[in-house]
Amino acid sequence: MEEKDIADFMLKASKFEFFLVNRDTSLAHTNAVGGLIVITGVNWTRVAQRVEANFPFHSFDFASSGFEIFAQTAPQYLVIKHDGRLGWDCDNEPIASWDWLLSRSYAQLRNNAAHGNKHQMPAPFTYDRTARFLPAGIALMNFIANRVFSEIDWDTPIFS
């Protein structure tokens, strides 16, 4: 895995988030600022409700989805340890719903993929884990766009 793989994922994730809120503004987190409604991100709970309506979590075939890792692996997050140093941790809570999968597992990947330098703070899982999660994240984005929103051509070029 190279930095280009992370950059490609982050570009695709940004385009996916725009696709979602452009498709339906009710899927956006918003704040009122100076008389404007400002979008601050994706409301993953609302996206999860759409996924659940089409593909109930408890009967979904994750084994053939391409993103099974999200349903089986608690997300890691960056923490400050008792000694004041940065470290990785997780709560090992089982992923039991689309909401949990999207708002914790996928969103955590999107937040952590490019934040931090795996070389500066190596851990036994960091390289392999990122290499396994990136293609799963892309599979999850494609699944939601294609199967939930019936949009095959969501990942269009930024400039044409």
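**Helices, burial and aromatic rings**

Trainee: In which helix is E17 found?
Mentor: This is a predicted model, in which local features need pLDDT of at least 70 and side-chain atom pairs count only at pLDDT 80 or more, while totals for chains, interfaces and linings use all residues. Residues are numbered from 1 along each chain as its sequence is written, and side-chain values use heavy atoms, with hydrogens and water left out. Helices are DSSP runs (H or I, at least four residues; strands are E, at least two), numbered from the N terminus. By that numbering, E17 is found in helix α1.

Trainee: Is E17 buried or exposed?
Mentor: Relative accessible area decides this: buried means under 20%, exposed over 50%, and partly exposed in between, with a 1.4 Å probe and protein chains only. Because its relative accessible area is 17%, E17 counts as buried.

Trainee: Which residues does E17 touch, not counting residues up to four places away in sequence?
Mentor: Contact here means heavy atoms within 4.5 Å. By that rule, and leaving out those sequence neighbours, E17 touches V42, W44 and R110.

Trainee: How far apart are the end C-alpha atoms of helix α1?
Mentor: The expected span of a helix is 1.5 Å times one less than its number of residues. Helix α1 (residues 3-23) has 21 residues and so should span 30 Å. The model agrees, since its end C-alpha atoms are apart by 30 Å.

Trainee: What is the distance between the end C-alpha atoms of helix α4?
Mentor: The same rule applies to the 15 residues of helix α4 (residues 98-112), which should therefore span 21 Å. This agrees with the model, where the distance between the end C-alpha atoms is 20 Å.

Trainee: Which residues is F143 in contact with, leaving aside its neighbours within four places in sequence?
Mentor: F143 lies in helix α5, and at 8% relative accessibility it counts as buried. F143 and F67 are 76 residues apart in sequence, yet 9.2 Å apart in space, C-alpha to C-alpha. With those neighbours left aside, F143 is in contact with V51, F55, F60, F67, W98 and V148.

Trainee: How many aromatic pairs are there?
Mentor: Rings of Phe, Tyr and Trp (its six-membered ring) pair if their centres lie within 6.5 Å; planes under 30 degrees apart count as stacked, over 60 as edge-to-face and the rest as tilted. By this rule the count of aromatic pairs comes to 22.

Trainee: What angle lies between the planes of F60 and F62?
Mentor: F60 and F62 are both buried. Their rings form an edge-to-face pair, 4.7 Å centre to centre, and the angle between the planes is 70°.
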